[in-house]
Every structure is written in C-alpha cells, then in structure tokens.
Amino acid sequence: MTAKTIHLPAMKHLVIFFTFWSPLFLVAVIPTSAFALQTHAAPEGLYVHQIGHVLFAIAMFGFALRIRRSRLNKQKSWRLMSVGAILFALWNGWAFIGHILAMLISKGDFSRGSDGLKSILVLNSPIDVLYYLFKMDHFLCFPALLFIYLALKRMTAQPADSAGSEKNPQ
Amino acid sequence: MTHISLYPLWGIDIVGSLAMLFLSSLCLRQVLILYKRDREDALNTYLMWLIIALFVFCIFRSLGHLVKHLLVFSDHSDIWARIAPLSGGLNTVTFVVIFAVTLFFRNVLIFMNRMTSDRVRIETTSRQLLSLNQDIESVVSDRTRAEMALNLAHEIRNPVMIIGGLLRRMYRTASDESEQGQKYQQEIKHQIDQLESLVAGLEDIQSVSQDHFKTVELNELLRDAVEMVQPEAESKGIEMSYQPSTTKLPLKGNQQYLKVALLHLLRNGIEACSVGNYIKITTELSRQGPLVLIRDDGPGIPKQVLKHIFEPFYSTRDGATGLGLPYVRQIIKEHRGEIRITNNKEKGITVELRIPSHLNELQEK
C-alpha cells in the first residue's frame, strides 16, 4: 500500500493562489464594507440630468458652429437648421437654470387653491418670480424645433441633388 | 404678499407639449422623405439619425409632462412620484444620445468634403480624358489621311507621268492625224493634266497639315498636361512639381500633337519612377527658343538601351509597342524641334525638349 503524496509544485501553486485571492474574498463577503457597489442617492439623478443638459447644449452649439463654418452655410435650409440648434442650446441653458431654481424654491411657496390643487405660487422672493418665468421653457424649445422643421421642409422641397448634401452648395 | 396662479403655466406646458409632439412627428416625416430620396447620401443618413434622436427626446419629454398633468389633476400624484424618476432618466438618456450623434457630424462633413473634392477631381479628369481622346482622334485622322494620300500619290504618280509624257510626244509628232484623232488626243492630254495636278495635290496634303499650326502657349499646355497626370503620380507616391518660366512661351505649333507628346513623356517618367521619387518639370526661354526640362531621380536608362530609345518597335517593357518615343520625336521634328534624353550624373534622367517658336512664320502667313 502506498500513501498518497502531494507534489511540491502543486502545493506551491495553491499557497500562491490563496495568498493573493483570500483578502479579496474577505472584502467581498463582509457586508459592512461592500465597496464593489456604489449607492446612488437621490440628488445623483438631478446631477446626471443637469450634465445631460450641458452635453445637449454643447452638442447643439457645436452642430450650429460646424454648419456656420462649412459650405453648408451657403444653403438657407442649413442656416435655418443652425438657428434651430442654437435655440436648442439656449433652451438647455434655460432648463438648467430652471432645475436649479426648482431646487431652491421652498415647498411652502405653493398653496392650494379652491380646486384643491397646489395651483397658487406665493411670490415671496425673486427666486419665486424667476421660477415662474423659467418654467415657460416652451417659448424656446418650440421655436427651436420649428426652425429645424422649416429647414427640413426646405430641404425636401429642393431638388434631390442639392437637398441635404453639398453637391450644389450655391 | 403677491399670489400668482399656476394655471397659465400649466396651460402653456400642455399646449407646448402637444405642439412639440406634433412638430417632432412632422420633422420625422420630412427627414424620412429626405432619406428615402437618397439612401446613400451620408448627410441625409446623418440627419435622419439626429432627427430620430430629437424625436425620441420630444416624445419622452412631452409625454412625461402630459402624464404628469393628467395624474396630478386626477389626484394621482403618488403614481407620478413613482414614474417621475423613470421619465427623467429616459429624458437624460436622450440628451446623451443626441450628444453622441452630434459628435459624428464633424466626421460626416469631412467625409462629404472628401467626396465632393474627389467628385470634382474625377469630373475634371474625365473632361480632360475626353478632350485628349478628341485630340488623339484628330491626330490619328490627320495622319491616316496624309498617309493614304501619300500612298495613293506614290502608286499612281509613275504610270500617270509615263502616259502623260508619251501622249505629249505623240501629240507633237502626229501632225498628219485626222481632225477627229487630234481632238481625241487633246481630250486625253487634258485629262492627263488633271490627273497630274491631282497627284501633286495629294502630295501636298502633308504640307497642308502644317496649316493646323497655331500660336500655342507652352507653359499653359504643359500645365494642362501636368494636371492630367498629377493624380497618377500621387497614387504612385511620386512627387511631381512644375515650375514654369516667368515669361510666357508662345510658339507656332499643333496643340494636340504637342500635348500628346508631352503627356507621353510625363507618363514614361511616372512609369519608370517609384515611391519617393520626384519628377521636376521646368520651362525657360533659351537662345534657341522655348525649352522644356523633365528631370527625375528614377532608375535611369542603361547606355545600351539609350542608344536605341528613339528606334521604332524598340522596347524593354512587356506589352509596349515601342512606338511611343519615336512618335514623340516625330512630333517634335515636325515642329523643327529637338529632343534629347540623357542620364543624370547621380540618378534618373533628363528629357530636354527644344521647340523653336516659329512665330515670324505665322505672322508672315
């Protein structure tokens, strides 16, 4: 009868494996220190949304700028498109401020009307007035979309050769 | 303390949201029409993606606002509180999508500009090719006509001359012939005279072709030729430069013939050179008249080949006719010019082309 022996090289590999992996395993199983997952508290959503507005604004400004600097600017349709993009960029700035004002305004400034809805805003401070004004963002985003629509309509009305492409920039 | 009703604000929001829904749908419709018109147009495709992203943004935003008002008015604010994060989240995603789509606009413009410039270049080359084809056709037609006329003249000259001579002699010696016979002989002599002048006319065709010589500006002609072969040189990685003389180089010549000759010389240079080589073309006004120099730093021509380079049917390349350079020399000779090809001291060859201006002759004419 022969006793089973573990070969030395295999033993060495096991030691190395446990030396390196055991601390990580411990960190993973201790619930109080679960660093692997980051929690997402409530304000994060607003921050991400605001970052989204900034990106949207940059995108629209960049789009308008590139149109202005390119040969596309010779076509009225693309000039209309660039105006729409600029208005969208401004709308993003407008909405960005609107979200900040919504955060700053006191909940107590809204009071219930006779209909039972919180349909009355008490203008206690300039923030309340600004909040009311900045809530009317459709005055910017609607014209922005209207200009884009007019640009597209003009492009479709043009002959195929000179609509979207630069084939006939004149 | 001032109070203000939120109803006007809500009214604007509802009407605005509905208008945005309507307008974004119209935008989508327009961009789809544009896209379907030319699906291969990069700019139309790009616009379609951008408008789709804006359309999705408008849908999420406007529907979110409308649902909010609907739930608040129907006293279901608690449901809205649960939906609101999802609506806001989707809104944010559309912002990022619009941002991402817009990033590609620059690339689309670069792509479109490249396509436009390539198209212009192709159109220019195509026009030049067409013009060259016409030139070659005209050259070939002239040559064929002249050759046929010369052959014909050569073939009929001798018999006509002999017949003419014999008849004249007969006419002088035969004094006792009847009146009718003399009349016939006179008629034959008249016809023979006509045939002789026809032969002379056929022989003159070659010189008549000289009438096609007009004032040509050599710098302009060479610029056209260089522009035609430049893309070929670029595609082979050969640097081709052209430095015309500061003064104009007018000469009396045949534009088509000269252009064909210059193109042939330039193409020979391009075929001989490879990546990293250069071809320098310069012109100047020498004492003997306009001078064209075409230098390259290619492999050069071996001495034993250089001796035979202008001989017809002599070629070291497979598939070549060996008629190119003899033809070039023929054209230059017809312009009373000179062509020399020499190996450079270091690398490559120099083609030296001297063409007298002949302007005085043209003015005399």
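A salt bridge is a side-chain nitrogen of Lys or Arg within 4 Å of a carboxyl oxygen of Asp or Glu. By that criterion, the count between chain B and chain A in this predicted model is one salt bridge. The two chains bury about 4700 Å² between them, and the largest pocket holds about 1900 Å³ of space.

**Salt bridges**

- Over all chains, the structure holds five salt bridges.
- B:R61 belongs to helix 2 of chain B, and A:D137 to the loop between helix 4 and helix 5 (138-157) of chain A, so this pair joins two chains.
- The side chains of B:R61 and A:D137 meet at 2.5 Å, N to O.
- Side chains of opposite charge can pair when their charged atoms come close.

**Interface between chain B and chain A**

- In this interface, 55 residues of chain B are in contact with 54 residues of chain A.
- Of the area buried between the chains, 75% is on carbon and sulfur atoms.
- Polar contacts between chain B and chain A amount to 12 residue pairs, both residues at pLDDT 80 or more.
- On the side of chain B that touches chain A, two or more residues each come from strand 1 (2-5), helix 1, helix 2, helix 3 and helix 4 (105-173) of chain B.
- Helix 1 of chain B supplies the largest share of that side, 19 residues.
- By residue class, the side of chain B that touches chain A has 33 nonpolar, 15 polar and seven charged residues.

**Largest pocket**

- The largest pocket is lined by 48 residues, and those closest to its centre are A:A102, A:Y131, A:K135, B:K68 and B:W80.
- From chain A, the elements that give two or more residues to the lining are helix 2 (43-69), helix 3 (76-104) and helix 4 (126-134).
- From chain B, the corresponding elements are helix 1 (7-37), helix 2 (42-73) and helix 3 (77-103).
- Helix 3 of chain B gives the most to this lining, with 11 residues.
- The lining of the largest pocket consists of 23 nonpolar, 16 polar and nine charged residues.

Key: Residues are numbered from 1 along each chain as its sequence is written. Chains are lettered from A and ligands numbered from 1 in the order in which they are written. This is a predicted model: local features need pLDDT of at least 70, side-chain atom pairs count only at pLDDT 80 or more; totals for chains, interfaces and linings use all residues. Side-chain values use heavy atoms; hydrogens and water are left out. On a 1 Å grid over the protein atoms alone, a cavity is a set of points where a 1.4 Å probe fits but cannot get out, and a pocket is an open set with protein on both sides within 12 Å along at least five of seven lines; lining residues have an atom within 4 Å of a point. Grid points are joined across faces, edges and corners, and a volume is the space filled by probe spheres set on the points. Helices (H or I, at least four residues) and strands (E, at least two) are DSSP runs, numbered from the N terminus. Ala, Val, Leu, Ile, Met, Phe, Trp, Tyr, Cys and Pro count as nonpolar, Asp, Glu, Lys and Arg as charged, and the others, Gly among them, as polar. Contact means heavy atoms within 4.5 Å. Buried area is the accessible area (1.4 Å probe) that two parts lose on being put together, summed over both. A polar contact is a pair of N or O atoms within 3.5 Å; within protein, one must be able to donate a hydrogen and the other to accept it, and residues adjacent in sequence count only if both atoms are side-chain atoms.
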